[in-house]
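Trainee: Can we go through this one together? I would like to ask about single residues as well as the overall fold.

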Amino acid sequence: MKLKTVCRKIIPAAILPLMSLVPLDTFAQWSGGLEGGTVFRDEGQATRLRLKLQNPTRPLSQYVYLDWLRTNDGDNAYEAGYLPRYWFSNNVYAFGEASLRVDRPVQIDGQQLFIAGAGYQISNSREQSLWAEVGAGARNTQFLDDSESDDTLFLVRAGFHQILSELLRLELDFDLVDGESLTETTAEAGIAVRIPGGAVKFSYRTRRLEPDGAEAIEDDDTFVSFSYGF
C-alpha cells in the first residue's frame with residue numbers, strides 16, 4: 001500500500017477528529033523551551049539546537065518540536081514534528097504523530113512519518129512521569145544512495161522522568177519503530193541540572209537503523225547543552 005493512501009486514512013481517522021472535539025480557546029495556552037549545545041560523536045563534534053512548544057491543556061494536549069544538528073564535516077540533520085494527544089481519562093489517551101526528517105549522518109536524505117495509536121500514563125506528578133505508547137502508521141524514507149523504502153510500521157515508545165532533588169532531573173526515553181523495510185531503535189538518557197535562567201543537561205543517545213537487506217547503521221552521541229524555557 002502506498003504511503004499517500006495510508007496517510008489519507010490515518011490523518012482523517014485519528015488526528016483531525018481529535019482536534020475538532022476541542023474548544024478553540026485550548027490553543028492559547030502554550031509554553032516552550034530552547035535547547036542548544038555541543039554533541040560529541042565518534043566522527044567528531046557537532047552543534048545541535050532543539051525548539052519545543054507544548055500545550056498541556058486537556059482533553060487535547062499538543063507538542064511541537066524542531067531539531068537541527070550540524071557536524072564539523074558540514075552534514076546536517078533536521079526533524080520537525082507535531083504530536084497531539086486526546087485524553088479520555090486521567091491515564092488513557094489516543095495520539096497522532098506527523099514528522100519530517102533529514103538525517104545525513106545516518107544516511108537518510110528524507111523521511112515522512114505518520115502514526116496513530118494509544119497511550120497510558122502510568123504516573124504523572126510534579127516529581128515523576130511514566131508513560132508508554134503503541135501505534136501503527138506509514139513511513140517513506142529516501143537514502144543517500146538513491147534507494148527508497150515505502151512501508152507500514154509498528155511503534156513502541158516509553159518515557160520516564162524523575163525529579164531527584166531541587167536541582168536534578170533524570171530523563172529516560174525509548175523508541176522502537178519497526179517497519180517492513182527499516183527498523184530503528186533509539187534510547188536516550190539524560191540528567192538536567194537546574195541553574196539560574198534554565199538548566200544544563202548531559203545526555204547520551206544511541207541509535208540503530210536496520211535496513212532490510214543492508215548493513216545495520218549505529219550512531220551514538222553525547223550531548224552537553226543549555227536549555228531555556230519560555
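**Working through the model**

Mentor: Asp146 counts as exposed, because its relative accessibility is 75%. Here buried means under 20% relative accessible area, exposed over 50%, and partly exposed in between, with a 1.4 Å probe and protein chains only. A caution before going on: this is a predicted model, where local features need pLDDT of at least 70 and side-chain atom pairs count only at pLDDT 80 or more, while totals for chains, interfaces and linings use all residues. Residues are numbered from 1 along each chain as its sequence is written, and side-chain values use heavy atoms, with hydrogens and water left out.

Trainee: Where is Asp146?

Mentor: Asp146 is in the loop between strand E7 (128-143) and strand E8 (148-163). Helices (H or I, at least four residues) and strands (E, at least two) are DSSP runs, numbered from the N terminus.

Trainee: What is the phi of Asp146?

Mentor: It is positive, about 75 degrees, although Asp146 is not a glycine. Most residues other than glycine have a negative phi, and most peptide bonds are trans.

Trainee: Which residues does a cis peptide bond join?

Mentor: Arg58 and Pro59, with an omega of about 15 degrees. Pro59 is in the loop between strand E2 (44-55) and strand E3 (60-71).

Trainee: Next topic. How many helices and strands does the chain have?

Mentor: The chain has 1 helix and 12 strands. From the N terminus on, the order is α-β-β-β-β-β-β-β-β-β-β-β-β. Of its 230 residues, 41% count as buried.

Trainee: How do the side chains along E11 point?

Mentor: They alternate along strand E11 (residues 198-211).

Trainee: How many bridges join E10 to E11?

Mentor: 14 bridges join strand E10 (residues 182-195) to E11, and the two run antiparallel. Two strands pair if DSSP finds at least two bridges between them. Gly190 has Ser203 in E11 as its bridge partner. The hairpin of E10 and E11 has 2 residues between the strands, and Gly197 there takes a positive phi near 90 degrees.

Trainee: And what about E11 and E12?

Mentor: E11 and strand E12 (residues 217-229) pair in the antiparallel sense over 11 bridges. Tyr204 stands opposite Thr222 in E12. This hairpin has 5 residues between its strands, and Gly213 in the turn has a positive phi of about 80 degrees.

Trainee: Back to single residues. Is Gln121 buried or exposed?

Mentor: Gln121 counts as buried, because its relative accessibility is 4%. Gln121 is in strand E6 (residues 108-124).

Trainee: Which side chain does Gln121 join in a polar contact?

Mentor: That of Ser129, at 3.1 Å. A polar contact is a pair of N or O atoms within 3.5 Å; within protein, one must be able to donate a hydrogen and the other to accept it, and residues adjacent in sequence count only if both atoms are side-chain atoms. The backbone oxygen of Leu130 also lies 3.4 Å from a polar atom of the Gln121 side chain.
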